[in-house]
Amino acid sequence: MRAVVTGATGGIGEAIARRLATAGHSVVLIGRSRERIAAAQRRIAAAVPDADLHGEVADLSLLADVRDLATRLDPLPDIAISNAAVVAPIDAVTGEGLQLTFATNHLAPYLLLRTLAERIGAGPARFVIVGAAPRALARVPVDLDDLQCRNARTLGPLPSFRPFAAYGRTKNMNAMFGYALARRLAGTGITVNGGHPGIVKQTGLGRHARGGLKVFTNLLNPFVPGVDHGADNPAWLATASEVEGVTGRYFVRRKEVTTAPHTTDVTRQDRLWDESARLVGLPATH
Ligand SMILES: NC(=O)c1ccc[n+]([C@@H]2O[C@H](COP(=O)([O-])OP(=O)(O)OC[C@H]3O[C@@H](n4cnc5c(N)ncnc54)[C@H](OP(=O)(O)O)[C@@H]3O)[C@@H](O)[C@H]2O)c1
């Protein structure tokens, strides 16, 4: 089978790609730097000498790049894992004028997976959207009137925490989009599930942590596992026979869990869907 993994140049994404390659799948590593893709390919090939690896360059913060990637992927994948994410400063804006965290973490998977679903048609295929910890995310509901966090003060009193609150909102968008896409693909052979990788170290995600958050993260480090642990749940969702045909669910450590009511509310999901469609230039199909 052919798998595509976004954000496969390091952290959990590279570990997912390595697991899939170990299981004999052909893997397309998607990253924004040709050099970092090549370096990840070399590391995986050193661990899995017969790995069938390919690379695709796309800056997922740019809709133009995502659109191009989604339409050029050939052959079409049997497995697509949306894993790439950033925790960017609140005022960081892409060349297309979108808030960077929102564009990379939400609009990119929205545009990529919707376009791939359209091209794949009846399937079968499995889509996995790497989310985050549902309990923590319950506290940061998506503000549907301010998807790009223009009103930064609503993200909390401490400026150093705000990028992480904005990131948390986009991870809730991942869950909402996964449920909404699964509903729309019901009856096809394409399944869509979300999953928390677990809190793991050796990743670049917390590189912008400042102040109390940085101290807290450093204190936790000796007690948290490494990236291979983080790859387990997403890789399992992408390949395990136990979840064949299962769709529209969310998993933590290979167990189905419920996420916050503000993510499962269909009206809220559809509002997010429609506004995202408008922003990426796709029709708001229901
Ligand atoms: N680490 C944790 O404890 C944890 C906890 C909960 C959820 N997660 C989730 O797990 C996933 C992976 O996180 P991680 O911890 O492995 O983070 P990471 O080490 O920072 O890896 C992120 C990956 O995304 C890529 N990426 C970022 N922006 C990109 C862009 N504009 N275009 C293309 N690729 C881009 C990075 O590529 P570059 O090499 O170019 O930077 C990197 O390969 C994320 O969805 C995150 O929300 C992680």
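Which residue in β7 does glycine 195 stand opposite?

A: Glycine 195 stands opposite phenylalanine 251 in β7. Two notes on reading come before the rest. Residues are numbered from 1 along each chain as its sequence is written. The model is predicted, with local features needing pLDDT of at least 70, side-chain atom pairs counting only at pLDDT 80 or more, and totals for chains, interfaces and linings using all residues.

Glycine 195 belongs to one face of strand β6, which spans residues 190-196. Strands here are DSSP runs of E with at least two residues, helices are runs of H or I with at least four, and both are numbered from the N terminus. Two strands pair if DSSP finds at least two bridges between them. β6 pairs with strand β7 (residues 249-252) in the parallel sense over four bridges. Strand β5 (residues 125-130) also runs parallel to β6, and six bridges join them. Glycine 195 takes part here too, as the bridge partner of valine 130.

Next comes the burial of β6. A residue is buried if 20 or more other C-beta atoms lie within 10 Å of its own, exposed if 12 or fewer, and partly exposed in between, with C-beta atoms placed from the backbone. By this count seven of the seven residues of β6 are buried. Both of its faces are covered: Ile190, Val192, Gly194 and His196 lie on one side, and Thr191, Asn193 and Gly195 on the other.

Proline 124 lies in the loop between α4 (100-120) and β5. On the β7 side, arginine 254 is found in the loop between β7 and β8 (255-257). Phi of arginine 254 is near 65°, a positive value in a residue other than glycine. Arginine 254 counts as partly exposed because it has 13 C-beta neighbours inside 10 Å.

Another positive phi in a residue other than glycine, near 55°, is that of cysteine 149. Cysteine 149 sits in the loop between α5 (134-137) and α6 (162-184). Cysteine 149 has 22 C-beta neighbours inside 10 Å, so it counts as buried.
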